[in-house]
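Hi everyone, thanks for coming. Let me put the structure up on the screen, and then I'll walk you through it.

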Amino acid sequence: MALTWPEKPTLIGTRITRLDGLAKASGKAKYPSDMLPEGTLFAVMLYSPHAHAKIKKLDISTAQSMPGVKGVVAIAQEGATLRYHGDDIAAVAAVTEEQARDAVRAIKIEYEVLPHVVTEAQAMAPGAPEIVKGGNVRKGRSQDNGKTGEAFAKAEVVVEGKYSLPVITHVCLEPHGLTAKWETADKLTVWSSTQAVQVVAQELADSFQIPVANITVLTEVMGGGFGSKFGADVWGRTAAELAKSTGKPVKLFLDRVQEHLAAGNRPSAAGTIKLGATKDGKLVGLIADTHGTGGSRGGSNFPLPYVYDVPASSRVHSEVFVNGGGARAMRAPGHPQGCALMEAAMDDLAEKLGVDPIEFRLKNLKPDDFHTPIYEAEVKIGADLIGWREKRKPRGQNGDGPIRRGFGLALHQWGGGGTLDKKVSCTISADGTVELKSATQDIGTAARTVLAIIAAEVLGLKPTDVISNIGNSTFPPGQASGGSTTTPSMAPPCLDAATKARDALFAKIAPALGATPADLSLQGGKLLIQGKPSISWKEACRKLGTASVSEIGSAVEGLASTGVGGCQFAEVTVDVETGVVRVKKIVAVQDSGLIIDRLTWDSQVYGGVIMGLNYGLFEERIMDPGTGVMLNPDMELYKLAGASDIPEIVIHAYEPDEQKARGVIGIGEPPTIATAAAIGNAVSNAIGVRVTEWPMTPRNVLNALAAASKEGKA
Amino acid sequence: MRKHDPKNGDEPGGPSRRDFLRGSGLAAASAVLTGTAATALDEAKAAEEGPKVLSGEVEITLKINGEDRKTTVEPRSTLLDTLRNRLDVTGPKRVCDRASCGACTVIADGDPVYSCTTLAVTCEGKKIETLEGFETGEHGVPHAFHQNDALMCGYCTPGFVTACKALLDKNPNPTLDEVRRGLDGNICRCGTYVGVLQAALDAAKAMKGA
Ligand code: FES
Ligand code: FES
């Protein structure tokens, strides 16, 4: 019989607290950055103070002779070019961290400072210094679908707008880094703050040319990654190198400044979008000229058109190179940008057409997409929850007082889904212990708990009866925590492993019970024979004698799927005198297939919304065009919401029975996508003019109002 | 450094620290200035007692969670680094290292302080509490955080739990607004605030049952 999710689960879909929650809340959980094996040296990085420079002289000799210093490595060599403020130069390992910091300061460097471009405006300006061969702006191939010329000839209403979103950084609270300890000359253990233990192991195996089996990467818990912690990174390899040369464990974690500068960012997005429709509100075409910067290596593209059915579109995206830290995947890469630009243009077009933004969107969903009826249902739920029909007024009709209230919405989509090559092992011992193992890790999504819930469901136990062992690269292959793929990749093999282990247990103990395996079942911590409770789980396992059963589970088709969507609504107030935007309420309606743990599902959705709220209101990497340095690489001026900034958030899981039948899909990313877009639309609704630049800061709001009043619009 | 001045309090309805940082809460300036004045007075008093010059390696004893812990620090060593790097007390986390995020919060003589900007040598003789010493049963703050899933990656959690405990020790019956203000010196990147606020309210109830 094909493996399926239990039809009447007792645990799956309920609210179950995390297995490691109390350890985290009482300070007992040890994070990679907490690990201090005996004799550990502290390593500190030296990074570029310049946006663009050549190293003329690099002298580490003084640093080497400083008190406590055990090792110094130059990462960049004389003659090398530093490409951004924060680029890696060298690292020092010393007995105390204070000594390591002193030694880093004693590294003598002569720079030849080169001209820089750190903002897109600088990079794109005529005559700008070329920081990459071939020019700072690289135009991509045009992505065309249909004939936009003909389409726009049919268009009766057209809007053309310019919108932009800044570069933002991940700000994982636990910095990037690892502690490395060589057990022997070719055996390495590292405690790494990573969302991919096996990727880190492979990367280190490659750089030290040792078998990956000789490397153990441990990540019991980790303090956030959001897409920026897939690899060992330069600093991780450097720590391992210093550990090798000093013969001591070495701990190297970035400081907060370098976290912002070098540990990744979400690229910016900007562009001119022209969108046309017929009078009855059907989209006919889109022409977009967009650009963005992913630093000195690119990677700023994003999906456009987004969500909606656009019969003809033509789009060119240009990559702008700047002297800035490189882009890395960040929670739903590309989607928050594509969503914001598309949804802003959609809203502006609905406005010009004079139709309700909800109606306009519903009219332009893809007719043959399985997701269209889901969106239709979700939008209806969301509109009710925010009070759209009663409270929302058309754009600009929100009174004359200084405080204006506005409502906005946006739709999003995401893939999720699992890979088919991951494994989980399940071992049942004679003492009743159940142990799961897989080389996946928990980025905060409760991976450990999710696996335990599944095994407990199958075995009729409580999740706390299951030992859920993850975060070790030597365990059976596990999924990297990214792309909302962890749960859909790991849940099916876990179900398979627990089911196989249960069947193996039944096969072994049935004879001793005078029953056949088919007579046996498990429920509420008891073994049932032909449906009647007989002995406890522990007694049943004892019948294994000294043996144990151990099974490896693999992915099974049909237990996971892909493709989710959702909508979000925002209610804001804007003070038109100060430009201050306050978000009052956000409604998020989201489908995600089968939900394993409703409690942690809720947390993910709340968290996604709040990350989106930060994107919508506060976050931006601010580069100083004059000096080329980042002006806010801290947590003071790089603004993130605190407790008082959190509005009322209403979340709704769209989960009729057919959603459960889809299997597990993954929820980490989708709920962060539409928030900034919805907030932007709500602000425009409140004040009557489009704020074209995110975040919705007082400056950007006041600029928009000033520009509109110059044009006589407001 | 001091998040809640016991004398002036973080009055409900007052502006939050983060409002002030954004420059959108002018009224906050007065609260901050009063805090600064209090600190200045403390410093003046210390000066009267005569300066003590410390340099090189200094042996100190810190009373952490009721236990005397001896270690060697430099005068510039922060309390946070001393706890984490020298005493293996790793509950408090280093995140911003600059008094902006709250992850390193510990309770010193009853007040929550950012240990990343507190020098270890100034803590001799003080009662330092870190969350490792908190009651983990049903009547404790950690339990309420666990039950409300008020943590995801959990890296900000020690700071939130500690700030919450300090708040409830002073104000056992906080309103939601007071909880928000009491925790405004802490930042969570995963966005677990909804659970955190509920956990604080639940913990207030549970602690009374203790
Ligand atoms: S680490 Fe001390 S406040 Fe952030
Ligand atoms: S739970 Fe991850 S930062 Fe708060």
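Phe160(B) is buried, at 1% relative accessibility, where buried means under 20% relative accessible area with a 1.4 Å probe, counting protein chains only. Tyr193(B) also counts as buried, at 1%. Their rings sit with centres 5.9 Å apart and planes at 80°, so the pair is edge-to-face; rings of Phe, Tyr and Trp (its six-membered ring) pair if their centres lie within 6.5 Å, and planes over 60 degrees apart count as edge-to-face. Phe160(B) belongs to helix H5 of chain B and Tyr193(B) to helix H7, so the pair ties together parts 33 residues apart in sequence. Helices here are DSSP runs of H or I, at least four residues, numbered from the N terminus.

A word on the source: this is a predicted model, where local features need pLDDT of at least 70, side-chain atom pairs count only at pLDDT 80 or more, and totals for chains, interfaces and linings use all residues. Residues are numbered from 1 along each chain as its sequence is written, chains are lettered from A and ligands numbered from 1 in the order written, and side-chain values use heavy atoms, leaving out hydrogens and water.

Now, how many residues of chain B are in contact with chain A? There are 57, and they touch 63 residues of chain A, with contact meaning heavy atoms within 4.5 Å. Between chain B and chain A we count ten salt bridges, each a side-chain nitrogen of Lys or Arg within 4 Å of a carboxyl oxygen of Asp or Glu. One of them joins Arg101(A) and Asp97(B), at 3.9 Å from N to O.

Methods:
Rings of Phe, Tyr and Trp (its six-membered ring) pair if their centres lie within 6.5 Å; planes under 30 degrees apart count as stacked, over 60 as edge-to-face and the rest as tilted. Helices (H or I, at least four residues) and strands (E, at least two) are DSSP runs, numbered from the N terminus. Buried means under 20% relative accessible area, exposed over 50%, partly exposed in between (1.4 Å probe, protein chains only).
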